[in-house]
Amino acid sequence: MADKAMKQAPAGHDLTEAFRSPVSRPPSAWQKGFDVAFKHIAHAFGVGVVLLLADIVFEVMRRAAPAMRAYGLRFLTTSTWDANRADFGVLAEIVGTLYTSILALGIGGFLGITVALVLSQGFVPRRMELVMKNVIELLAAIPSVVYGLWGIFVLVPAVRGPAGWLNEHFAAIPFFSTRLSGPGILPASLVLSIMILPTVTAVSREAMAAVPKRLAAAAYGLGATRWEVIFTVTLPTAVGGIFGALVLGFGRALGETMALAMLVGNANVFGLSLFSPGNTLAALLANHFPEAGKVEVGALMYATVVLMLITLTVNALGSFLMLRTTRELKGLG
Amino acid sequence: MAHAASNSQEVPARKRSFHKSLGDSRTLVNTGLTVLAVALSLVAMFPLFSVLYMLLVKGAALLSPSLFSELTPGAGMEGGGIGNAVVGTLVVVAVATAMALPLGFMGAVYLAEYGGESKLSVVVRFCGKVLTGLPSILAGVFAYAIVVVTTGSFSAFAGGAAMAILMVPTVMLTSESALRSVPSKMKMAAFGMGATRAQVVLKIVIPTAIPGILTGVMLALARAMGETAPLLFTALFSDYWFEGELLKPIASLSVLIYNFAGSPFEHQVALAWAASLVLVTIVLVLNVIAQVATRRPEEH
């Protein structure tokens with residue numbers, strides 16, 4: 001470096017002069033000032049993101065406060081929604097939110113983990129893997145309102161037949177105790193499971209891919225078949241990440257709005273039947289907010305707080321689990 | 001000794017175990033599970049194809065220039081189009097981008113270049129992740145509380161604000177990883193020339209990371225385009241053209257689909273399918289751009 005600078009520098013100039021050339025020189029006072037300013041601006045925006053989240057929580061809590069004082073815990077344990085008598089309760093919505101999300105997690109989670117296995121354990125050629133991965137990612141790209149439309153005109157008619165048959169023959173089982181008249185818990189949960197599948201697949205695939213190859217190779221070396229390796233090495237090692245994926249998927253399902261508002265039936269009732277209409281917190285907000293009066297808005301804000309608490313808790317838990325797993329796997333590598 | 005003897009007796013069995021027999025129960029279970037897993041993967045992909053098929057069958061029927069140049073028809077009326085909704089979606093997304101880009105991008109610059117592993121950067125990143133999982137309807141409620149209630153009317157601005165909240169975390173987290181993937185050698189070289197950190201960031205890191213940042217922005221745009229929940233009670237809907245007034249209700253494709261999906265009039269349902277086709281096409285194009293933007297030259 002020094003040699004080069006000496007050669008390039010005209011005769012008579014010493015090294016310090018060479019370094020003061022237009023190509024490399026110490027920053028001017030203005031540049032130093034700008035540097036400090038830019039640093040502070042970047043800091044401010046970083047803090048801004050934190051403030052944004054804090055403000056969201058604060059604003060919603062503030063607007064919900066009067067309703068929270070007025071209705072108290074009764075709001076969580078009753079299920080009437082009557083704007084005229086100012087009588088509100090969201091028990092049916094809380095149950096419906098959890099019920100649809102758990103069903104979706106069961107179906108979408110199982111399928112998602114299976115797809116993640118197929119995409120990460122060398123089942124299909126590399127090229128095919130890439131194609132399938134893109135298709136699954138596209139599933140996440142379809143807007144939820146389009147899934148809602150598809151659900152109304154394709155899925156509901158498709159499940160009506162099997163649902164009617166199950167109801168006729170197994171009405172004694174509480175899950176099949178009512179008829180599916182149109183929208184209901186089952187179609188809503190099915191669409192929901194399609195919507196969380198990409199999340200579960202992407203995150204659990206990452207966890208599976210992070211399992212050190214030599215662990216699997218060691219098991220193969222002992223004569224294990226591919227599925228023996230999957231069940232005894234890959235899945236147990238990646239279990240933290242897979243669990244995190246399920247929690248994140250669950251969080252998505254809890255907050256999903258449009259597909260549910262269009263498919264769940266918006267009935268303030270709850271039961272075990274998969275075919276009866278129900279309601280969820282997000283769907284309640286979507287359906288009532290646009291035309292709500294002052295009193296109802298207060299109650300809706302309270303419902304928002306409930307939804308926010310549930311989803312933020314689940315998401316924070318999911319992020320925390322992911323963080324811990326990444327750390328653990330680093331030690332294995 | 002006994003050990004060695006028993007070992008020698010097992011030799012034939014071990015030799016056999018190197019051969020895979022199709023009738024072996026372990027092989028059968030293995031093959032069965034493989035077939036099942038691949039079949040389930042195909043089942044998982046089926047909805048996408050079904051959705052695309054329905055969009056092409058039902059949505060393409062109404063595709064014509066007048067679809068984009070006419071206003072949404074009222075109940076029971078024939079004709080009309082979705083022109084105001086297309087324009088409305090673009091306006092709301094533009095407003096949202098104008099608000100979300102600076103915050104998300106500068107947040108990413110902070111995280112990648114200044115935060116390091118400090119406590120604040122951990123908190124910022126955590127908040128970003130939590131915002132990613134924020135139900136979109138909560139963004140709508142927030143925008144309703146601070147914009148609609150304050151200004152006294154539903155508006156394009158409120159819709160944009162709600163959507164911006166959903167774009168910020170995507171822009172921030174993808175930009176951060178793009179900025180971080182810039183080789184430190186390049187930065188070191190610039191520092192060696194006497195550049196300040198601000199100069200390194202502005203002249204070296206950001207220009208190099210542009211493809212990755214573009215991907216983040218495209219993904220955020222694609223997500224925002226299709227959002228309905230945050231617009232329902234912020235932007236509301238309008239049966240008229242956007243006339244430059246950001247403080248009035250505005251139409252959007254997604255809310256149009258929601259409103260018309262439950263309509264008893266067949267023509268409105270058909271328009272909902274057509275709007276879905278247009279919306280999904282835009283979203284998919286944005287996704288493709290996002291993927292092309294980050295494809296590294298050496299992968300070709």
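Predicted model: local features only at pLDDT ≥ 70, side-chain atom pairs only at ≥ 80, totals over all residues.
Trainee: Let's start with E227(B). Where is E227(B) found?
Mentor: E227(B) sits in the loop between helix 10 (197–226) and helix 11 (229–232) of chain B.

Trainee: Buried or exposed, that E227(B)?
Mentor: E227(B) is buried, because its relative accessibility is 11% and the cut-off for buried is under 20%.

Trainee: What does the side chain of E227(B) make a polar contact with?
Mentor: The side chain of S136(B), at 3.2 Å.

Trainee: And which residues is E227(B) in contact with, leaving aside neighbours within four places in sequence?
Mentor: S136(B) again, plus M163(B), L166(B) and S254(B).

Trainee: Moving on to T234(B). Where does T234(B) lie?
Mentor: In the loop between helix 11 and helix 12 (253–261) of chain B. T234(B) counts as buried, with 0% relative accessibility.

Trainee: What does the side chain of T234(B) reach?
Mentor: The backbone oxygen of P230(B), at 2.5 Å.

Trainee: Which residues is T234(B) in contact with, leaving aside neighbours within four places in sequence?
Mentor: Among them are G140(B), A143(B), Y144(B) and V148(B). The list also includes F154(B), S155(B) and A158(B).

Trainee: What about L236(B), where does L236(B) lie?
Mentor: L236(B) is in the loop between helix 11 and helix 12 of chain B. L236(B) is partly exposed, at 24% relative accessibility.

Trainee: What is the phi of L236(B)?
Mentor: Positive, about 55 degrees, although L236(B) is not a glycine. Most residues other than glycine have a negative phi.

Trainee: Which residue in chain A has a positive phi near 50 degrees?
Mentor: N266(A), and N266(A) is not a glycine either. N266(A) is in the loop between helix 11 (258–263) and helix 12 (281–288) of chain A. N266(A) is partly exposed, with a relative accessible area of 34%.

Trainee: Back to chain B. Is F237(B) buried or exposed?
Mentor: Buried, at 17% relative accessibility. F237(B) lies in the loop between helix 11 and helix 12 of chain B.

Trainee: What does F237(B) touch, not counting residues up to four places away in sequence?
Mentor: T72(B), P249(B), I250(B), A251(B), S252(B), V255(B), L256(B) and N259(B).

Trainee: How many residues apart along the chain are F237(B) and A156(B)?
Mentor: They are 81 residues apart along the chain, and their C-alpha atoms are separated by 9.3 Å.

Trainee: Now helices. How many residues has helix 6 of chain B?
Mentor: Helix 6 (residues 119–132) has 14. Helix 6 of chain B reaches 20 Å from its first C-alpha to its last, close to the 20 Å expected at 1.5 Å a residue.

Trainee: Which residues of helix 6 of chain B are buried?
Mentor: S121(B), V124(B), R125(B), C127(B), G128(B), V130(B) and L131(B).

Trainee: Last topic: how are helix 7 of chain A and helix 13 of chain B oriented to each other?
Mentor: Their axes come within 10 Å and cross at roughly 140 degrees. The two helices are therefore oblique to each other. Helix 7 of chain A passes helix 13 of chain B in a left-handed crossing.

Trainee: Which residues make the contact?
Mentor: From helix 7 of chain A, V145(A), V146(A), L149(A), W150(A) and F153(A). From helix 13 of chain B, V269(B), A272(B), W273(B), S276(B), L279(B) and V280(B).

Definitions and conventions
Residues numbered from 1 in each chain as written. Chains lettered and ligands numbered in written order. Heavy atoms only, no water. Helix = DSSP H or I, 4+ residues; strand = E, 2+ residues; numbered from the N terminus. Buried < 20%, exposed > 50% of the residue type's maximum accessible area, 1.4 Å probe, protein only. Polar contact = N/O pair within 3.5 Å; in protein donor to acceptor, adjacent residues only side chain to side chain. Contact = heavy atoms within 4.5 Å. Expected span 1.5 Å × (residues − 1). Axes fitted to C-alpha atoms, helices over the stretch in contact; angles between N-to-C directions. Parallel < 35°, antiparallel > 145°, perpendicular 65-115°, else oblique. Left-handed = near helix turned anticlockwise from the far one by under 90°.
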